[in-house]
Amino acid sequence: MTHHIAVDIGASSGRLVLGTLQDGKIQLQEIHRFANGFQERDGSCFWNIDALFGEILTGLAKVKAQGIERCTLGIDTWAVDYVLLDQAGNRIQEVYAYRDHRTEHAMQRLAELIPPETVYGKTGIQQLNFNTLYQLFVHDREELARTDSILMVPDYLYYLLTGKKGNETTNASTTQLLNLDTRDFDMELLELLGLRKEQFPGLIEPGSELGALRPELMKQYDLPECRVIVAATHDTASAVLGIPAAKGRHAAYLSSGTWSLLGVELKQPLNDAKAMAANYTNEWGAYGTFRFLKNIMGLWLIQEVRRLDGNRYSFAELADLAAEAEPFRSLIPCNHDRFLNPEHMIEEIQKACEQYGEPVPESIGQVARCIFDSLALSYRTYLEELELLTGQSIDMLQIVGGGANNKLLCQLTANMLGREVSAGPTESTALGNLAVQMISSNVLPNIAEAREVIAHSFDIRYYKPEPVQELEQIMERWNKVNKLADAHNI
């Protein structure tokens, strides 16, 4: 039996998960869990990347303490954020978090130099003001001039572990700098940023092997012998790989965590004018695929509400409070930029309701219900868009990730879609990470077989749609709220 370690780091937490294949099923064991979050300093938002690397080493030491002498290891994290290194391999600047406000007007400024339609035609990546393209556009010019290497966050963690540099394709595609035709960094976009292609270490595919840990790490810490394998380092790419097989169904996926990513897996990108107008993205996937999806604000909204309420309630308790509240009392356009990183999420939700003519939620249960109702309505809107853009008829939505645990939201989603929803597994990101390692290690033959194994290894819950009273009136209010938000940019 071989041992595989998934290092899975999200915007709010990280963990090391041990995966093994036993009797045809994948067994998971969480070895180490730790908190994550950006820190605000001098008006900017940064990640504590050194602390994250320290947690990886702590987790690996725990692996060794369990008697595991050898394993493979893969890393996935969030996307778009990057690290600048000088010629000596030292970090030039702390790692900016994508919710930093420095890019607020970057899209408009760059549009004066190159039409957004041209950028989308080249890259197929949706316009989001925190994309790496815009982050680098506003980055300090002097620091960029001193930069020898630009790595995405998971690739930097791989570099700290192995001393080897590369930019894994699923995460690199989110930079909005990769050209779909050349399958490499786009020279025109790099020139606009004042960057050279040589500053970006070469692209590497999921499943590639980086080798062993640095000898000095092995000496300093009591670590197992790790064969480091490049996972699909964008956590959404790994989450999609970890979606269980759904034979005979025409399914879309919803990776539900801090962000909600709603889409389908395609063999070819879809980067026409209609896809751009709807702001869908074509992120590169593993094994020659593309993730055609919509970014939706997701559970970040409830995470912030919980934090601002002093963490009085668990997420399950917040869902219970929401279930007791009046349904569809208050609605917000939850994918609006105003909710990306407001000073106070609860007050921003209340302010939005007042501005859009919706009843202002007062209790925590009402605020939570407002979020869940609005998310479910968002999923309905974007799933209908997805069908129109792809020409595919979708009869089921597969929800994976932490949001699969939220029974209220899953049922609301089924009700709003009028279609069946499957929920689980919650550990799809770690599973996708592990699947790449197992395929690279010849434990599993391919991703189709891996998804079959995942489907048989974990319990999946199914939600049938139930009738929604006054649905027509709810949709009228929903459309009105979104039109007001778009018309007044509030």
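This is a predicted model: local features need pLDDT of at least 70, side-chain atom pairs count only at pLDDT 80 or more; totals for chains, interfaces and linings use all residues.
Two rings of Phe, Tyr or Trp, the six-membered ring in the case of Trp, are called an aromatic pair if their centres lie within 6.5 Å. A search of the whole structure finds eleven aromatic pairs. One of them is formed by Tyr 280 and Phe 292, with 5.3 Å from centre to centre and 20° between the planes, and it is stacked. Tyr 280 belongs to the loop between helix H11 and strand S18, while Phe 292 belongs to strand S19, so the pair ties together parts that are twelve residues apart in sequence. Tyr 280 is buried, at a relative accessible area of 0%. Phe 292 also counts as buried, at 0% relative accessibility.

Phe 38, Trp 47, Trp 78, Tyr 98, Phe 130 and Trp 259 make up one aromatic cluster. There are also charges placed over rings. The charged end of Arg 99 sits over the ring of Trp 300, at 3.6 Å from its centre. Likewise, the charged end of Lys 165 sits over the ring of Tyr 159, at 5.4 Å from its centre.

Strand S19, residues 290-296, runs antiparallel to S17, and seven bridges join the two. Within this pairing, Ser 260 stands opposite Ile 296 in S19. Strand S17 also pairs with strand S16, residues 251-256, in the antiparallel sense, over four bridges. Here Leu 254 has Leu 262 in S17 as its bridge partner. S16 and S17 form a hairpin, with three residues between them. How enclosed is strand S17? Six of its seven residues, in the stretch 260-266, are buried, so S17 is largely enclosed by the rest of the structure.

Next, please consider an open sheet of six strands. Its order is S3-S2-S1-S6-S15-S14, and the pairing is mixed. Strands S3 and S14 stand at the edges with a single partner strand each, so one side of each is left without a neighbour in the sheet. From one strand to the next, the twist averages 25°. Strand S2, residues 13-22, pairs with S3 in the antiparallel sense over ten bridges. In that pairing, Gly 14 stands opposite Phe 34 in S3.

Which helices meet this sheet? Helix H6, residues 153-162, lies across S1, S6, S14 and S15, and runs at about 150° to S6. Helix H18, residues 447-457, packs on the sheet as well, where it touches S2 and S3, and its direction makes about 80° with that of S3.

Is Glu 387 buried or exposed? Its relative accessible area is 17%, and buried means under 20%, so Glu 387 is buried. Leaving aside neighbours within four places in sequence, Glu 387 is in contact with Gln 392, Ser 393, Ile 394 and Arg 419. After H15 comes Gly 391, whose phi is positive, near 75°.

Technical notes: Residues are numbered from 1 along each chain as its sequence is written. Side-chain values use heavy atoms; hydrogens and water are left out. Two strands pair if DSSP finds at least two bridges between them. Axes are lines fitted to C-alpha atoms, for helices over the stretch in contact, and angles run from 0 to 180 degrees between N-to-C directions. Contact means heavy atoms within 4.5 Å. Buried means under 20% relative accessible area, exposed over 50%, partly exposed in between (1.4 Å probe, protein chains only). Rings of Phe, Tyr and Trp (its six-membered ring) pair if their centres lie within 6.5 Å; planes under 30 degrees apart count as stacked, over 60 as edge-to-face and the rest as tilted. A charge sits over a ring if NZ of Lys or CZ of Arg is within 6 Å of the ring centre and within 35 degrees of the ring normal.
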